[in-house]
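Subject: Structure handover and findings

Hello,

Here is the structure for you to look over. My notes on it follow below.

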Amino acid sequence: MSDDRRHSGTSLLEDRSDATQGEKRFPRRTLLKVLGGATGVAAVTQLTGLSGCGPKVAEPPPVAEVPLNSLPEGERVRAMMGVTPIEVTRTGDEVTAHSLWCTHLGCEVKWNGERKKYFCPCHEGVYNAKGFPIAGPPPRRLEELQVTVADGVATITTQAAVVPPAGPRGLGG
């Protein structure tokens, strides 16, 4: 700073040209707040599906079609309904199906024919032959699925897509 400015009592800020005196600085903190807020809005928009143009079309729930001749009487047959492993059983004219996702954390349960129980490999959950929890942490029964039989085919679906709870999906994958 020159001696003249020091002695005159003017600062460098006061000694700006007329062109820059009308400008205002945008404080860094304000800039960071604005950018952070914009990032938050963008994240919420993506997570809630509010982004994009036009109406959202709901995806149809997954469906599995299993020919009745591939369902031996009284045997449990594993099939897939979208990404959901399911089990289908035929007893006479009745066909039943349920999800094989454990209701605790979404691991795939396995049927043990000798013990007549389903076992979850992740946290030692145990279900009886009807899919009701009998030991371990599972909070509710295996999800029952809707079955319609027509023209020799069992069509398995649910009103809402069967999505496993967040968490592992069994050992090895």
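Helices and strands here are DSSP runs, numbered from the N terminus. Keep in mind that this is a predicted model.

**Overall layout**

The chain holds three helices and 10 strands. Read from the N terminus, the elements go α-α-α-β-β-β-β-β-β-β-β-β-β. The chain has 173 residues, and 24% of them count as buried.

Three strands make an open sheet in the order 2-3-4, and the pairing is antiparallel. Strand 2 (76-81) and strand 4 are the edge strands, each pairing on one side only. On average, neighbouring strands of this sheet are turned by 30° against each other, with direction ignored. Strand 2 and strand 3 run antiparallel and are joined by six bridges. In that pairing, Met80 is opposite Pro85 of strand 3.

**Largest pocket**

Strands 3 and 4 come up again here. Strand 3 (84-91) and strand 4 (94-99) each provide at least two residues of the lining. Which strand gives the most to it? Strand 4 does, with five residues. By residue class, the lining splits into six nonpolar, four polar and six charged.

Another open sheet has four strands in the order 5-6-7-8, with antiparallel pairing. Its edge strands are strand 5 and strand 8 (133-135), and each pairs on one side only. Strand 7 and strand 8 run antiparallel, with two bridges between them. Val126 has Ala135 in strand 8 as its bridge partner.

**Cysteines**

A disulfide is a covalent bond between the sulfur atoms of two cysteines. The cut-off used is 2.5 Å between the sulfur atoms. By that rule there is one disulfide. Cys107 and Cys122 form the disulfide, with their sulfur atoms 1.9 Å apart. The angle about the S-S bond is -105°, and the link of Cys107 and Cys122 is left-handed.

What does this pair tie together? Cys107 sits in the loop between strand 4 and strand 5 (110-112), and Cys122 sits in the loop between strand 6 (117-119) and strand 7 (126-127), so the link ties together parts that are 15 residues apart in sequence. Cys107 has 1% relative accessibility, so Cys107 counts as buried. Cys122 is partly exposed, because its relative accessible area is 22%. The cut-off for buried is under 20%.

**Strands 1, 9 and 10**

Strand 10 has pairings with strand 1 and with strand 9. Strand 1 and strand 10 (residues 153-157) run antiparallel, joined by four bridges. There, Glu65 stands opposite Thr155 of strand 10. Strand 9 (residues 146-150) also runs antiparallel to strand 10, with five bridges between them. Gln146 stands opposite Thr157 of strand 10. Strand 9 and strand 10 form a hairpin with two residues between them. Asp151 lies in that turn and has a positive phi of about 55°.

**Pro61**

One more spot for your attention. Pro61 lies in the loop between helix 3 (28-48) and strand 1 (64-67). Which residue is 97 residues from Pro61 along the chain, with C-alpha atoms separated by 6.8 Å? That residue is Thr158. Pro61 has 29% relative accessibility, so Pro61 counts as partly exposed.

Best regards

Notes: Residues numbered from 1 in each chain as written. Predicted model: local features only at pLDDT ≥ 70, side-chain atom pairs only at ≥ 80, totals over all residues. Heavy atoms only, no water. Nonpolar A, V, L, I, M, F, W, Y, C, P; charged D, E, K, R; others polar. Pairing = 2+ DSSP bridges. Axes fitted to C-alpha atoms, helices over the stretch in contact; angles between N-to-C directions. Buried < 20%, exposed > 50% of the residue type's maximum accessible area, 1.4 Å probe, protein only.
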